[in-house]
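Subject: Structure for your files

Hello,

Here is the structure I said I would send, with the sequence. My notes on what was found in it follow below.

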Amino acid sequence: MSKHSPAQPPEEFTGIELTEVPKHSVGPTAIKSALSHISNEVGLFKGIGLLKNLNQTYGFDCPGCAWPDPDEKRAFLAEYCENGAKAIAEEATKNKVSPMFFATHSVAELAKLSDYEIGKSGRITHPMYLAEGATHYEEIGWDKAFELIGNELNSLSSPDEAIFYTSGRTSNEAAYLYQLFVRQFGTNNLPDCSNMCHESSGAALSETLGIGKGSVTLDDFNHADLVMVIGQNPGTNHPRMLSALSETKRRGGKIITVNPLPEVGLMRFKDPQNPTKWIGSGQQITDLFLPVKINGDVALLKIILKLMKEAEDANPGSVFDHKFIKEKTQGLDALLADLDQYSLEELLPQTGLTLDQIKEATNLILQNEKIIICWAMGLTQHKNAVDNIREVVNILLLKGSIGKKGAGTCPVRGHSNVQGDRTVGIWERPKPAFLDSLEKEFDFKAPRHHGYDVVDAIKAMHKGKAKVFFAMGGNFLSATPDTEYTAEALQNCELTVQVSTKLNRSHLITGKRALILPCLGRSEKDVQASGEQFVSVENSMGVVHQSRGHLAPCSKELKSEHAIVAGLAKATLKNSTTDWEGLVGNYDLIRDKIEATIPGFDNYNKRVRVKGGFYLPNNARDAKFDSTKTGKANFTLNKPSDIELGANEFLMMTIRTHDQYNTTIYGLNDRYRGVLNERRVLFMNESDMANMGLQKLDVVDLHSHFEGETRKAYRFLVIPYEIPPQCTATYFPEANVLVPISSTAKISNTPTSKTVIITVHKSEL
Ligand SMILES: Nc1nc2c(c(=O)[nH]1)N[C@H]1C(S)=C(S)[C@@H](COP(=O)(O)OP(=O)(O)OC[C@H]3O[C@@H](n4cnc5c(=O)[nH]c(N)nc54)[C@H](O)[C@@H]3O)O[C@H]1N2
Ligand SMILES: Nc1nc2c(c(=O)[nH]1)N[C@H]1C(S)=C(S)[C@@H](COP(=O)(O)OP(=O)(O)OC[C@H]3O[C@@H](n4cnc5c(=O)[nH]c(N)nc54)[C@H](O)[C@@H]3O)O[C@H]1N2
Ligand SMILES: [Mo]
């Protein structure tokens, strides 16, 4: 393929097979799929041992999503899902990427492989170095590697020329040490995957409710009257959430789903933990499905708000929770006045729904008191993403549906410790009070000016304003927008360093020099000076609990992320008074430091050892909103989408298949959408296809359009699909090349990965 760029997956097709979309999710097929991934990667015997420890009280936390574990009852051998099993199979794989592997494969050769093939090559076993101009990585000793990084960092003209990224798997303890090192070095350049993920949720929730996290607990699903799942595909990305939804249903609650796609997992479900329910067609999950147009959510939620107001006006006191509104909130009058500025005629076409469908949803909201609204990337990755979430909050506040049992906000987090990483200080915009306490505890002067987030970090590297890029996990090249631009940015750097478990494309598109530092995974035993250690993580509902690996590390050369930070600190910081070695020797000591500097961690070491862990404080859960700027929960005024599509333009959302974890490709199937053995596909409405003269499986190129610039991605197979007109879907990371670097959400600066404006062309290749 002449056009292939090493920064992107190759454009070759892999042999597509289309099947019928299944009628239900999970059930025995999911268990079969889980076991087959486990036995292929790990071996069945060792694999079952692994699953037995997954998400158990004294086992390890699933490196998949951040959905919580039950506080009390846990099923033996069953607190995992198909995709959790794939996640650990990927980590515990018997395949190894050794120095010999790197000696026999040049970087250029590896870049020709697909992301699936790169990932399947296995776990990285030794620290590796790519010298300037070299074609192959070579083994390097740890001390040498630390020295090299230390020298490079100390030769910068300012600490702000270095960038320190974090993905969301890093434990609380490692993340805390990492941010401490970075701040002692002298910068707040701590972008993280959250910038591309739930940043919009954090921004909206902090402003309106005074806490950037969700308010519900898992148990709230047992008490909810109504759950709305909007912009989220839990059947694939948080499969254990289906059990919670199923419980809501069993107790008489209702479920509304808002999504451009009829995602199978949300329609019907067979409980994997209850084989008696595998017979028949499964349990219906969604009561009302609203196939909204991409980015039509503010318009939809605004119509709901208008209908709620109408019902309240007709029968005062029947809809709004006036007591709650009076005591706890501010801004109602402004909200009601603002709603009048919008007409149904202008809002309705943006939703792609009928007024009757929206009335049905509104009636469910009117009739029920205890409402939970769950969301994920379908709301957070748009230009008006923060508006989306603030509008969700408006509905909950009107109903007084926050801070009581069975009700509240539920942003469902992605990476298993992305929430914890933020809690312990991974943020480019730290609060002064946090820096004050770090300074006091560790006797240094912390930098006060804000650092770069992901998008600004890429731009800084592109401009040559940042010269060293260090990543604690993740796959920065492939996860970020505008792949070719990001590749240039990384290639501009003097040095790029990746702390990783598995090989990925970020190891192949590098700065002038590059290092790979291999680290322990969650499932592996971590032994330090004082003996075997455990780490802790925070799930999506604010529960901090321990995670302890049981497997022997895949190589003796691996270091824990904590030890890597300590090595780095010793090689870089000349005046640090912190006992880095002591802290790494016993993670209890790190936890003591977290307790001393971050509120909510009292008796950390004791409480984290209690079965199930402990809840962090959450003011919204307690219906206390004095931490907002106004001292009350805030109603807000929000704007519907301002995107206007030109002739033959479409909106494109980039989504995940059932067989991937972000940029890690477990397999080539998207079983729940009926697509097997292919990732380069474009889902399109049949009427749009007809208008464009396109047939099923035609090969097309996609051009994205933003502020006069055009970006191209080649060779996708068109698939007719149940998706609203003018809406299309592709998979990430293949389509990231189309996401413009400067197209980001207002306030949160999150790339607009769900609203890319494209045109579709017969392929030129
Ligand atoms: N197996 C697996 N688990 C994962 C991950 C994974 O890749 N694989 N990733 C993890 C991470 S980091 C995250 S953040 C989460 C992601 O979890 P999700 O947010 O569920 O993931 P996406 O595939 O991005 O799906 C977004 C959903 O939103 C819908 N959507 C898109 N645009 C819109 C819109 O404008 N309005 C509405 N209402 N809906 C829209 C899409 O159709 C899709 O169903 O999952 C986590 N868990
Ligand atoms: N177009 C588009 N782009 C998106 C999204 C989208 O929906 N659409 N979603 C965005 C979202 S929500 C997110 S969260 C980001 C994800 O961005 P990242 O977190 O950067 O990407 P991942 O693919 O999760 O990272 C996978 C790599 O992490 C490493 N790894 C795995 N486990 C560990 C570990 O325990 N320690 C260390 N040190 N490394 C480990 C492995 O080497 C693996 O290759 O992508 C974003 N990008
Ligand atoms: Mo995410």
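Ligand 2 has 30 residues around it, and Tyr165, Ser167, Ala479, Glu561 and Thr663 come nearest. Please keep in mind that this is a predicted model, and that the values here are computed from it. By class, the shell around ligand 2 consists of ten nonpolar, 15 polar and five charged residues.

In the side chain of Arg169, an N or O atom is 3.0 Å from a nitrogen atom of ligand 2. Asn504 has a polar side-chain atom 2.8 Å from an oxygen atom of ligand 2. For Arg656, a polar side-chain atom lies 3.1 Å from an oxygen atom of ligand 2. On its own, ligand 2 exposes 930 Å², and the protein buries 97% of that.

Now to ligand 1. The residues that surround ligand 1 number 32, and Asn259, Glu263, Asp297, Gln660 and Asn662 are the closest. This shell divides into 13 nonpolar, 15 polar and four charged residues. At least two shell residues come from each of α10 (234-237), α18 (377-380), β25 (650-655) and β26 (660-661).

The contacts to ligand 1 include both side-chain and backbone atoms. Asp297 places a polar side-chain atom 2.7 Å from a nitrogen atom of ligand 1. Met377 uses a backbone N or O atom, which is 2.8 Å from an oxygen atom of ligand 1. Taken alone, ligand 1 exposes 920 Å², of which the protein buries 99%.

Which domains give residues to the shell around ligand 1? Domain 1 (17-22 + 648-762) and domain 3 (199-411) both do, so ligand 1 lies between them.

On the domains themselves, the assignment for the protein chain gives domain 1 (17-22 + 648-762), domain 2 (98-196 + 419-615) and domain 3 (199-411). The contact between domain 2 and domain 3 takes twelve residues from domain 2 and ten residues from domain 3. Taken over C-alpha atoms, the centres of domain 2 and domain 3 are 36 Å apart. Between them, domain 2 and domain 3 bury about 760 Å², with 41% of that area on carbon and sulfur atoms.

Two points of backbone geometry are left. Most residues other than glycine have a negative phi, and most peptide bonds are trans. The peptide bond from Phe732 to Pro733 is cis, with omega near 10 degrees. Pro733 is in the loop between β32 (727-731) and β33 (756-762). Asp482, a residue other than glycine, has a positive phi, near 50 degrees. Asp482 belongs to the loop between α23 (476-479) and α24 (483-491).

Regards

Definitions and conventions
Residues numbered from 1 in each chain as written. Chains lettered and ligands numbered in written order. Predicted model: local features only at pLDDT ≥ 70, side-chain atom pairs only at ≥ 80, totals over all residues. Heavy atoms only, no water. Near = heavy atom within 4 Å. Polar contact = N/O pair within 3.5 Å; in protein donor to acceptor, adjacent residues only side chain to side chain. Areas by Shrake-Rupley, 256 points an atom, 1.4 Å probe, with all protein chains shown as cover. Helix = DSSP H or I, 4+ residues; strand = E, 2+ residues; numbered from the N terminus. Nonpolar A, V, L, I, M, F, W, Y, C, P; charged D, E, K, R; others polar. Domains from an automatic or database assignment. Contact = heavy atoms within 4.5 Å. Buried area = accessible area lost by both parts, 1.4 Å probe.
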